[in-house]
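This note sets out a few points to follow while reading the structure. Please keep the sequence and the model side by side.

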Amino acid sequence: MNSELLSTPRRVRFVELSAVALRALADGDLAGGSAEAGVALDAHFVCDRARSIFAYRAGQVVRDPSAAPWITRAAVSEPDGTVIGDAGFHGPPDAAGVVEVGYTVVPGHRRRGYARALLKALLARAAAEPGVRTVRATIRSDNSASLATIAGFGFTRVGERRDAHGGLVLVFEVPADAVRAA
């Protein structure tokens, strides 16, 4: 792999995925989801895993429109405008001021620094909100790429649990004040 790809800091911007776009993607309608979002989404946006997530998020926005600014958005590389994944939070801050990050880089763009760029942008978004006190990341113990991604961002392991498939999930948190200070 070209070492220049790894050393060049990535810039990303987020494009809202409305409830209509999320529903289209959940239904496997890539063209409809792309048209609604105003960007050409990758086929990864309609894989089984993504469809399930987008169906949940579409329902979440319908039930609570105030969640829309927090949830999944398309992630676009700048300046070229290529959609490289999706990122957002699992919802708005809870009563304790905790938000949980979530991000995916589509397979063709992995290992190029995009996940770190997404996480950096999400942390900046969370830190800009006075109601956010803690940012959480939950990562399967066998996901070495995501574990490497959060390294250097101040996350501390605070727990673990089993996921629905019996896999070990590690829970990490970073205080929003630490992100603000960085």
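1. A residue counts as buried when its relative accessible area is under 20%. The model discussed here is predicted. Phenylalanine 89 has a relative accessibility of 3% and therefore counts as buried. Tryptophan 70, at 7% relative accessible area, is buried as well.

2. A search of the whole structure gives 2 aromatic pairs. In one, phenylalanine 45 and phenylalanine 54 are stacked, with 5.8 Å between the centres and 20° between the planes. Phenylalanine 45 and phenylalanine 54 are both buried.

3. Tryptophan 70 and phenylalanine 89 form an edge-to-face pair, 5.3 Å centre to centre and with 70° between the planes. This pair links distant parts of the chain, 19 residues apart: tryptophan 70 lies in the loop between helix H4 (48–63) and S2, and phenylalanine 89 lies in strand S3.

4. Two arginines deserve attention. Arginine 125 lies over the face of tryptophan 70, 3.9 Å from the ring centre. The charged end of arginine 63 sits over the ring of tyrosine 56, at 5.9 Å from its centre.

5. S6 and strand S7 (residues 168–175) run antiparallel and are joined by 6 bridges. Arginine 161 has valine 169 in S7 as its bridge partner.

Note on methods: Residues are numbered from 1 along each chain as its sequence is written. This is a predicted model: local features need pLDDT of at least 70, side-chain atom pairs count only at pLDDT 80 or more; totals for chains, interfaces and linings use all residues. Side-chain values use heavy atoms; hydrogens and water are left out. Two strands pair if DSSP finds at least two bridges between them. Helices (H or I, at least four residues) and strands (E, at least two) are DSSP runs, numbered from the N terminus. Rings of Phe, Tyr and Trp (its six-membered ring) pair if their centres lie within 6.5 Å; planes under 30 degrees apart count as stacked, over 60 as edge-to-face and the rest as tilted. Buried means under 20% relative accessible area, exposed over 50%, partly exposed in between (1.4 Å probe, protein chains only). A charge sits over a ring if NZ of Lys or CZ of Arg is within 6 Å of the ring centre and within 35 degrees of the ring normal.
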